[in-house]
Every structure is written in C-alpha cells, then in structure tokens.
Amino acid sequence: MSAARSHRVVVIKGDGIGPELVDAALEVLDAARGALGFGLEIDLREGGAGLYRKSGVSLAPESFEAIKAADAAMKGPVGLPGVRLPDGTEAGLLGGILRIGLDAYANVRPVRLLPGVEAPLKAKAGEIDYVIVRENTEGLYLSRGKGVGTSEAMADTLLVTRKGVERVARYAFELARRRNGAKQVTCVDKANVLASLAFFRRVFDEVGETYPDIRREHLYADAAAQALVLEPQRFDVLVMENFLGDILSDLGGATVGGIGLCPSGNIGDKHAYFEPIHGSAPDIAGQDKANPVSQILSAALMLEHIGERDAAALIRRAVDSALKNKKLILGPFGQPEGGTRHAAETLAAAVRQLAAH
Ligand code: NAI
Ligand code: MG
C-alpha cells in the first residue's frame with residue numbers, strides 16, 4: 001500500500017454527545033490508518049448550536065469552504081433544544097446548509113443487523129442488510145420555510161424534478177451493482193395517489209432500463225412500512241422521495257436495534273459528508289454513556305467513499321467481532337457497557353488485532 005496516499009477530511013464535533021462520539025470515531029480511524037498505512041489529514045472545525053450561541057452562525061463561511069475543498073467531511077450530531085431562532089424552530093442545525101449547499105442529493109442509510117444486538121425482530125445477524133437511498137435535496141422538504149397559507153389553512157408543496165430523480169435513481173442502481181446483495185432496487189412511492197410520485201416512479205423506471213442486470217421492484221410506501229418490519233430480509237437497495245425516506249429509514253433503524261447503531265452518508269457528485277442518523281442526545285451528553293457505533297460506522301462509510309475500502313471493511317469487521325465476542329456489550333437502550341471511551345478503546349484494539357492477522 002502506498003504511504004503517499006493521503007486524504008483531507010473536515011471534522012465537526014457538534015453538540016451534545018457529538019464530541020464524545022467524534023473522539024471515539026477518530027480513535028478508531030487512527031487505528032485503521034496506522035494499520036493500513038494511509039494518510040488522513042484532519043481539519044477540525046466548529047459547527048452547530050454551540051457555535052450559533054457564541055457567534056450567531058451555525059457554520060462559519062470558511063468552514064463551509066473547507067468542506068467543499070476537502071475529500072470528505074464527518075460530523076457529529078448537532079442541535080440543542082434550548083437554542084432557538086425567533087420563529088421558534090431550532091438554530092444550529094446544519095442539514096439545510098450542508099445538504100443543499102453541497103448538493104448532497106443521495107442520503108445513504110445502511111440498515112444492517114449486527115451480531116450480538118438485541119433487535120425487536122426475529123432475525124439472525126446479517127439477514128437484515130439493505131440500504132435506503134433517500135432523495136436529499138427536493139421532494140416535500142423543498143418546501144422547508146416556504147409553506148403558504150392563512151390562519152385557517154396551510155400548504156406545503158412536494159416538488160420532484162426529472163434531474164432530481166434521475167440522479168438519485170442512478171445512484172441507487174450503481175450501489176446495487178457494487179453490493180454483494182440481491183442486485184435489486186425497490187422504488188418506494190405513492191404512485192397510486194400522487195402525480196409527483198407517479199412521476200418519480202416513471203423516471204425511476206426509465207433509469208432502470210439502462211441497468212438490465214439489476215432487478216427492479218415497486219412498492220407503495222404504506223406496504224413498504226409493513227414489509228420493512230415483516231420481511232426486511234428481502235430488500236437490497238431502496239430508493240425514495242425525501243420525506244418518505246426520512247420516516248422509513250428511522251423505522252429501519254429501529255428494527256436493527258436502534259439509532260445508536262445507524263450511520264449515514266450525504267453524497268453528491270462533488271462533495272459528501274457522513275454522520276449518525278440520530279441527534280445530539282442532550283439527555284445523556286457528557287456522561288460517557290452514548291453508543292459510538294453509529295459514528296464509527298459513519299467513519300467507515302466515509303473511508304469507503306474516499307477509496308479506502310480495505311480500511312472501511314476492517315472497521316466493520318472490528319465492530320462485528322467485538323459485538324460477537326461480547327467485548328462490546330450494549331445495554332437495553334444501546335448504551336455500551338463500560339462507557340463510550342471504553343467502547344472506543346475496545347474497537348480500536350479490535351481494528352489493530354484484525355489487521356495484524
Ligand atoms: P436524539 O436522536 O438526539 O435522541 C433520541 C433518543 O435516543 C434519546 O433518548 C437519546 O439519548 C437516544 N440516543 C440517540 N443517540 C444515541 C446514542 N448514540 N447512544 C445511545 N443513545 C442514543 O433525538 P432528539 O432528542 O429528538 O434530538 C436532540 C437534538 O438533536 C435536537 O436538537 C435535534 O434537533 C437534533 N438532531 C440533530 C440531527 C443531526 O445533527 N443530524 C438529527 C436529529 C436530531
Ligand atoms: Mg430524520
């Protein structure tokens with residue numbers, strides 16, 4: 001492996017449990033870097049509600065430019081419920097700035113049942129293993145801040161564009177081609193009711209025609225909600241509109257043991273950033289209780305994205321083996337026994353040990 005290969009990564013620790021999680025992920029990243037011999041230049045930047053409280057901005061313009069110039073970014077969760085804008089919504093959230101600003105149109109949310117995890121469904125580790133690709137820049141959430149109406153009625157608009165569906169569908173088909181799964185993409189929509197989502201399905205099918213090696217499937221969102229609970233084993237890649245993806249991906253996370261285990265990527269053609277699917281958990285912040293696996297698996301997704309596939313696989317194997325050998329034990333709410341720092345040390349040691357064999 002070439003020692004000259006190096007990547008520049010912006011890291012934002014965020015709020016609440018963010019700093020604890022990001023420190024854990026950096027420790028594991030460092031173990032992988034040391035074991036496999038690639039370079040990782042970490043550019044730490046502030047962002048989130050804490051920064052907003054201090055300075056009046058959630059992310060400095062220079063930090064945004066640094067993310068655009070970097071190979072990728074990793075962020076911890078942000079947001080503190082007490083820090084609010086005059087209209088009552090939360091200040092310090094970065095979703096709008098980063099998803100739209102970086103045109104990160106594919107929100108990639110792997111749902112995988114890990115060994116040794118108590119999940120509410122009866123399934124063996126590895127049997128549940130699919131990825132939800134949520135459209136991240138349009139759909140119903142394009143209406144964010146733009147709802148119209150009166151004191152008697154309010155309306156939001158669900159907008160779907162050909163360009164928007166084409167690119168996210170292509171992402172989903174390419175992902176299915178790369179994965180070891182069933183080589184299948186399921187389009188989840190409400191094409192039976194809404195013209196916008198019938199259009200989503202039509203454009204999905206047009207893109208699918210150019211991927212004859214990938215099986216295509218359609219499901220209405222209500223039926224998909226049931227199927228994700230009753231027969232999650234049959235899914236490989238699913239693609240859907242923004243709002244539907246937001247809801248169904250949390251449902252998927254719950255089926256494999258909770259959000260503390262679930263990573264995500266926000267990926268565009270030029271820029272990408274990686275983060276857990278959950279929030280800043282102020283109820284357990286600063287107590288060394290949070291599960292760092294979501295952040296560590298987000299770091300693995302980032303490594304895969306920047307071309308360090310061996311390192312990504314090594315980190316995933318370390319998580320699997322630590323859970324399987326009960327070196328990492330999770331409590332009923334997903335808290336790691338022995339604490340966040342101990343979990344990070346355990347996983348970094350597992351990375352070094354697996355790499356040495
Ligand atoms: P949350 O996801 O922070 O917490 C929900 C529940 O899950 C809490 O009981 C929490 O303790 C638990 N939990 C979450 N992550 C955990 C982990 N890694 N280990 C163990 N337990 C964990 O959701 P909540 O309370 O609705 O939001 C808190 C803040 O996070 C808000 O300010 C919200 O706006 C923000 N938020 C930020 C996101 C982001 O930065 N991407 C995403 C979602 C929410
Ligand atoms: Mg959500």
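Reader: What's an oxygen atom of ligand 1 up to around A281?
Author: An oxygen atom of ligand 1 sits 2.8 Å from a polar backbone atom of A281. I'm counting a polar contact as a pair of N or O atoms within 3.5 Å. Bear in mind that this is a predicted model, where local features need pLDDT of at least 70, side-chain atom pairs count only at pLDDT 80 or more, and totals for chains, interfaces and linings use all residues. Residues are numbered from 1 along each chain as its sequence is written, chains are lettered from A and ligands numbered from 1 in the order written, and side-chain values use heavy atoms, with hydrogens and water left out.

Reader: Which polar backbone atom does a nitrogen atom of ligand 1 meet?
Author: One belonging to N291, at 2.9 Å from that nitrogen. As for side chains, an N or O atom of K75 is 3.2 Å from a ligand 1 oxygen.

Reader: And how much of ligand 1 does the protein bury?
Author: 69% of the 820 Å² that ligand 1 exposes when taken alone. Those areas come from the Shrake-Rupley method with a 1.4 Å probe.

Reader: How many residues surround it?
Author: 21 residues, with E90, G279, A281, D283 and N291 the closest. To count, a residue needs a heavy atom within 4 Å of the ligand. The shell has 11 nonpolar, six polar and four charged residues. Here Asp, Glu, Lys and Arg are charged, Ala, Val, Leu, Ile, Met, Phe, Trp, Tyr, Cys and Pro are nonpolar, and the others, Gly among them, are polar.

Reader: Switching topic: where does the largest pocket lie?
Author: It lies between domain 1 (1–105 + 268–357) and domain 2 (113–258), because both give residues to its lining. The domain bounds come from an automatic or database assignment. A pocket is an open set of points, on a 1 Å grid over the protein atoms alone, where a 1.4 Å probe fits, with protein on both sides within 12 Å along at least five of seven lines; lining residues have an atom within 4 Å of a point.

Reader: Which residues are nearest its centre?
Author: L93, L94, G95, G96 and R144, out of 35 lining residues. α4 gives the largest share of the lining, four residues. Helices here are DSSP runs (H or I) of at least four residues.

Reader: What about the second largest pocket, what lines that?
Author: 30 residues, and D129, V131, R179, E304 and R316 lie nearest the centre. The lining divides into 17 nonpolar, four polar and nine charged residues.

Notes: A polar contact is a pair of N or O atoms within 3.5 Å; within protein, one must be able to donate a hydrogen and the other to accept it, and residues adjacent in sequence count only if both atoms are side-chain atoms. Helices (H or I, at least four residues) and strands (E, at least two) are DSSP runs, numbered from the N terminus.
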